[in-house]
Amino acid sequence: MDGFARFTAPSVAHLPVDAPFEEHLAVLRRDGVLVIDNALTRAQLDELGRELDCWFERAPGGEGAFFGRRTRRFGALMAKARSAQDLVLHERILSLSECVLKADDLGHKRCDNIQLNISQGIGIGPGEPEQVIHRDQDLFWVRHWPAWRQGYEVLVNALFCIDDFTLENGATRFVPGSCGWDLERWPEDHEIVQAEAKAGSAILWVGSMMHGGGANKTDYLRRGAVISYNLGWLQPGEKSLLSIPREVARNLPRRAQQLLGYQVHRPTLGWVEGRDPIEWLNGEFSDIGQTQDHLPDDLVGVVENYYRQRQISGASQ
Ligand SMILES: O=C(O)CCC(=O)C(=O)O
């Protein structure tokens, strides 16, 4: 050692899709961002591109500087493309998101289940400047939560690259490690790095990660599809229950239906007529149902004790 502090350029870690789960999780928790290489098979990637191309063509540029006037966006991916189910239900990414969101690294529980926050095609168009650096958790006003602390993640994003993401075409910019920063700290230019990634990769990041779209200096669209999950008791960013027609939702796999919001977060969030909304989706009742207890584990005992102590019988039948 020569006594001089070494400058280490920030970088975004890449791991293969078949790396051990714990390795993916450790990097995601440590850096707040991770590229999973080959997250999609060639066939899945081709199908995704084919199905979304007409939507990228149709989608207009955004209305404001944040979403980008030359960036084409559209939501409700599962209503537009069969292949979007592969993204929403990507086994490794879904498990990682559940792990990060359901409890922190010390095991403190945050929610029973996660849900789809948004699904969005993002095509950064030629000439789009870089997007302002931001944290997606601000969608939920997290900086105003008096009890918020680092490590309390409220959402996880997975941006699937449909094209190669390059320095020239708008690869997403990240501030690795900023998930551990004070919320008021702003990154220096040298702390920002672009996540170059091959088509078929997925870039994962947590809600407290500072990032933004890159500038597209090429003459073609940089296409990606983002799948975002959040805590099951938060409002989702996108009202997928409205944008995915009921007939489409009925034919989706059960897990996709749950993620869309056809599930109850205990005790009573998201129910319909006191019932799990999946029963309503399946037409098991049409106008009125039998209100059902969905007590969280820690309340079951409290309720049972109450009736037992007061010798109120029949409460458990
Ligand atoms: O498409 C990207 O590279 C990221 C875009 C983004 O972060 C956003 O639109 O909020």
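A salt bridge here is a side-chain nitrogen of Lys or Arg within 4 Å of a carboxyl oxygen of Asp or Glu. The views below come from a predicted model.

**View 1. Arg275 and Glu279 form a salt bridge.** The closest N and O atoms of Arg275 and Glu279 are 2.8 Å apart. Arg275 counts as buried, at 15% relative accessibility. Glu279 is buried too, with a relative accessible area of 16%. Both values fall under the 20% that marks a buried residue. Across the structure, the count comes to 17 salt bridges.

**View 2. Arg223 meets Asp53 in a salt bridge that links distant parts of the chain.** The N to O distance in this pair is 2.8 Å. Arg223 belongs to strand 11, residues 222-231. Asp53 belongs to helix 2, residues 42-58. Arg223 is buried, at a relative accessible area of 15%. Asp53 is partly exposed, at 33%.

**View 3. Lys198 and Asp164 join two loops through a salt bridge.** Their side chains meet at 3.8 Å, N to O. Lys198 lies in the loop between strand 8 (193-194) and strand 9 (202-206), and Asp164 lies in the loop between strand 6 and strand 7 (173-174), so the pair ties together parts that are 34 residues apart in sequence. Lys198 is exposed, with a relative accessible area of 58%. Asp164 is partly exposed, with a value of 33%.

**View 4. Four charged residues are linked in a network of salt bridges.** The members of this network are Lys109, Asp112, Arg266 and Asp297. Side chains of opposite charge can pair when their charged atoms come close.

**View 5. Glu153 is buried yet has no salt bridge.** Glu153 is found in the loop between strand 5 (134-135) and strand 6 (155-161). Which side chain of opposite charge is nearest to Glu153? That side chain is Arg110, at 7.1 Å. A salt bridge needs a nitrogen within 4 Å of a carboxyl oxygen. Glu153 does have a polar atom of its side chain 3.3 Å from the backbone nitrogen of Gly207. Leaving aside neighbours within four places in sequence, the residues in contact with Glu153 include Val100, Leu101, Gln137 and Cys179. Also among them are Val206, Gly207, Ser208 and Leu231. Arg110 is on that contact list as well.

**View 6. Trp145 and Tyr152 form an edge-to-face aromatic pair.** The structure holds 7 aromatic pairs. In this one, the rings lie 6.1 Å apart, centre to centre. Their planes stand at 80° to each other. Trp145 is partly exposed, with a relative accessible area of 25%. Tyr152 is buried, at 18%.

**View 7. Trp55, Phe56 and Phe74 form an aromatic cluster.** Ring pairs link these three residues.

**View 8. Arginines lie over tryptophan rings at Trp181 and Trp280.** The charged end of Arg185 sits over the ring of Trp181. The distance from the charged end of Arg185 to the ring centre of Trp181 is 3.5 Å. Arg246 lies over the face of Trp280. Here, too, the distance to the ring centre is 3.5 Å.

Terms used
Residues numbered from 1 in each chain as written. Predicted model: local features only at pLDDT ≥ 70, side-chain atom pairs only at ≥ 80, totals over all residues. Heavy atoms only, no water. Phe/Tyr/Trp six-rings, centres within 6.5 Å; stacked < 30°, edge-to-face > 60°. Buried < 20%, exposed > 50% of the residue type's maximum accessible area, 1.4 Å probe, protein only. Lys NZ or Arg CZ within 6 Å of the ring centre and 35° of its normal. Helix = DSSP H or I, 4+ residues; strand = E, 2+ residues; numbered from the N terminus. Lys, Arg positive; Asp, Glu negative; His and termini not counted. Polar contact = N/O pair within 3.5 Å; in protein donor to acceptor, adjacent residues only side chain to side chain. Contact = heavy atoms within 4.5 Å.
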